[in-house]
Amino acid sequence: MFKKLLIANRGEIACRVIKTAKRMGIPTVAVYSDADAQALHVKMADEAVHIGPPPAAESYIVIDKIMQAIRDTGADAVHPGYGFLSENKAFAEALEAEGVAFVGPPASAIESMGDKITSKKIAAEAGVSTVPGHMGLIEDAAEAIKISGEIGYPVMLKASAGGGGKGMRIAWNEGEVAEGFQASKNEAASSFGDDRMFIEKFVTQPRHIEIQVLADKHGNAIYLGERECSIQRRNQKVIEEAPSPFLDEATRKAMGEEAVALAKAVGYTSAGTVEFIVDGERNFYFLEMNTRLQVEHPVTELITGVDLVEQMIRVAAGEKLPMAQEDVTLTGWAIESRLYAEDPYRNFLPSIGRLTRYRPPVEVAAGPMLTNGKWLEEGPQGETAVRNDTGVYEGGEISMYYDPMIAKLCSWGEDRDAALEAMRVALDGFEVEGIGHNLPFLSAVMDHAKFASGDMTTAFIAEEYPDGFEGVDLPQDAKRRIAAAAAAMHRVAEIRRTRVSGRMDNHERHVGEDWVVKMGGEIPWPLVVKGDHDGSTITFADGAKMRVEGDWVPGQSLARMSVDGTPLVLKVDKIPSGFRLRTRGADLKVTVRTPRQAELAEKMPEKLPPDTSKMLLCPMPGLVVKVDVEEGQEVQEGQALCTVEAMKMENILRAEKKGVVTKINAGAGDSLAVDDVIMEFE
């Protein structure tokens, strides 16, 4: 086995690899840029080597710097994680020349399968069904428009070396091809150092399902079931699950065997993923092969019991796979939710800053797992599991230089319903403050009827949230339960307040029983709160009663309550006359007042926000790439005004309505904060 493993990556995947290496007794080496000097993966590793400035192009993807770190530390193996150099043929060859093991496939497989154009040609030659498209490279936008017209709209513009949604655009007409082609090339060059592009037909109403393969250097190859990755935003996966709620056993077997055949055809070793587009009739088409570990690998680990990172390391060390295809069993169901530093209320634009609070739900193991795909004692009975793969900590900084994903929250259950409920509860208990994040959106998806039924496609987000995410409007019965909980919490807070002020003896007679609860613009709920040692009984004006129990005390940011015996988890912030409560994707301002206070509050005028309709505000922290207009120029609705880059993505800001530019406050190269005024109109 290896004497020292260097992880050529950062963030949660570096931490994930370090955990397995430590369990295997292998010392680890981290590499880091200036921006990551205090990062979690640096703290977890046995050694750490500084490799350069924050931009990945000057640090993490500079092969010479990684090679020097290997020499300086004496590492005899390298795990590349995903992204960065994980699918870089030159890096694999450099390691081989240095006599250092690459924990991944051979360079030849990276070259043939890592490049999307080459992989499609090989798949087609092997008789694998592929999506129609132009397999050659496209030189410029004019050629892209010509090819797109021949294929037929809509089309997908894709970077040949792309991944993670970078360098990808869907185009529905010539104008979108012309605009998207250059933006995709720029993203590809920035993220991968390779701006080659190709075009394929965009299949409408598709499901994105991928097969996990594992192969050793002795000719053995297996598949470990599939993952459903259809919940995507901007071609980037948001929620994954294993197995797929759509596949039947026959289709699973056919896809798995085809994936293994393709892996063997290119001499693949290590863990890899073959991605397919599957239509409503369960016809599947080869999309691409990822010659690396996937972001969503934990869900496969949870249903198979196989530690994929461990198997990658053992394969790289020359060991045989400890299992055959007939040994692979799928146990239960697993779901992964990606926590992104993106604000769903601002069209999911990147957010950076300090994590003033970062407290994931407590991880719960479903039971000890062996690495041969078997559960000890035939697996857990009636249990659920929670796992959080992360690369950050409370007090740490979220940088603008890297991918916005900061954690992967996973749940496991005996079936899909159990896994879903475990995920809902885990999301409710996940505390993140200081940055914009997508936890509310993830909660909304978990409760969405279409997702809960398993009836979704890659167009789910676009179809169900066409105007963006504006929060969740909970059903009335859920609001009533929250109102009851808020009233009970207010009673506890009032008891604490009167004791602290010295205006109360050992009795609670100074705390009134008549209160009015209101949520935003909802109709107020007059109610009566009668407390006892174990909790409170809430009686509404219509006579309905609810029993509320819990151990919440003022100052706690998380309340785990029980309302009529049903669990309710609330994130709690104190506001004047009440609480800000967040649960199941809803963000509620809840006031609890005496009847007289409530009566007077209704007479207070509403404070209106300032008028910014004649300004273009920067929606996220970022760097201005270019400004497309000039002062005095008339612009039309939808016209591109400027491009801002953040977290490796280029974002084109457009005019919301017709107007004339009167002032431009920022130019190319300027760094902007959220809500900085870029330009003004008349």
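Biologist: Does Glu301 count as buried or exposed?
Modeller: Please keep in mind that this is a predicted model. Glu301 counts as buried, because its relative accessibility is 3% and the cut-off for buried is under 20%.

Biologist: Which residue forms a salt bridge with Glu301?
Modeller: Arg16 does, and the closest N and O atoms of the two are 2.7 Å apart.

Biologist: Which residues are linked with Arg16 and Glu301 in a network of salt bridges?
Modeller: The network also holds Arg23, Asp307, Glu310, Arg314, Glu319, Arg387 and Asp389.

Biologist: How many salt bridges does the whole structure have?
Modeller: The search finds 63.

Biologist: What about Asp248 and Arg282: how far apart are N and O in that salt bridge?
Modeller: The N to O distance between Asp248 and Arg282 is 3.8 Å. Asp248 lies in the loop between β12 (236–242) and α9 (249–265), and Arg282 in the loop between β13 (270–278) and β14 (284–290), so the pair ties together parts that are 34 residues apart in sequence. Asp248 is partly exposed, with a relative accessible area of 30%, and Arg282 counts as partly exposed at 33%.

Biologist: And where do Arg584 and Asp447 lie?
Modeller: Arg584 is in the loop between β30 (578–583) and β31 (586–593), while Asp447 is in helix α13 (residues 439–447), so to speak of distant parts of the chain, 137 residues apart. Their side chains meet in a salt bridge of 4.0 Å, N to O. Arg584 is partly exposed at 22% relative accessibility, as is Asp447 with a relative accessible area of 36%.

Biologist: Changing topic, how many cavities of 30 Å³ or more does the structure hold?
Modeller: There is 1, and about 110 Å³ of space lies in the largest cavity.

Biologist: Which residues line the largest cavity?
Modeller: The lining consists of Lys166, Arg233, Arg234, Gln236, Glu342, Phe348, Pro350, Pro404, Met647, Met649 and Asn651. By type, these divide into 5 nonpolar, 2 polar and 4 charged residues.

Biologist: One last item: how many residues of helix α5 are buried?
Modeller: Helix α5 (residues 107–114) has 6 of its 8 residues buried. These are Ala107, Ala109, Ile110, Ser112, Met113 and Gly114.

Technical notes. Residues numbered from 1 in each chain as written. Predicted model: local features only at pLDDT ≥ 70, side-chain atom pairs only at ≥ 80, totals over all residues. Heavy atoms only, no water. 1 Å grid on protein atoms, 1.4 Å probe; cavity = no way out; pocket = protein on both sides within 12 Å on 5 of 7 lines; lining within 4 Å. Points joined across faces, edges and corners; volume = space filled by probe spheres on them. Nonpolar A, V, L, I, M, F, W, Y, C, P; charged D, E, K, R; others polar. Buried < 20%, exposed > 50% of the residue type's maximum accessible area, 1.4 Å probe, protein only. Helix = DSSP H or I, 4+ residues; strand = E, 2+ residues; numbered from the N terminus.
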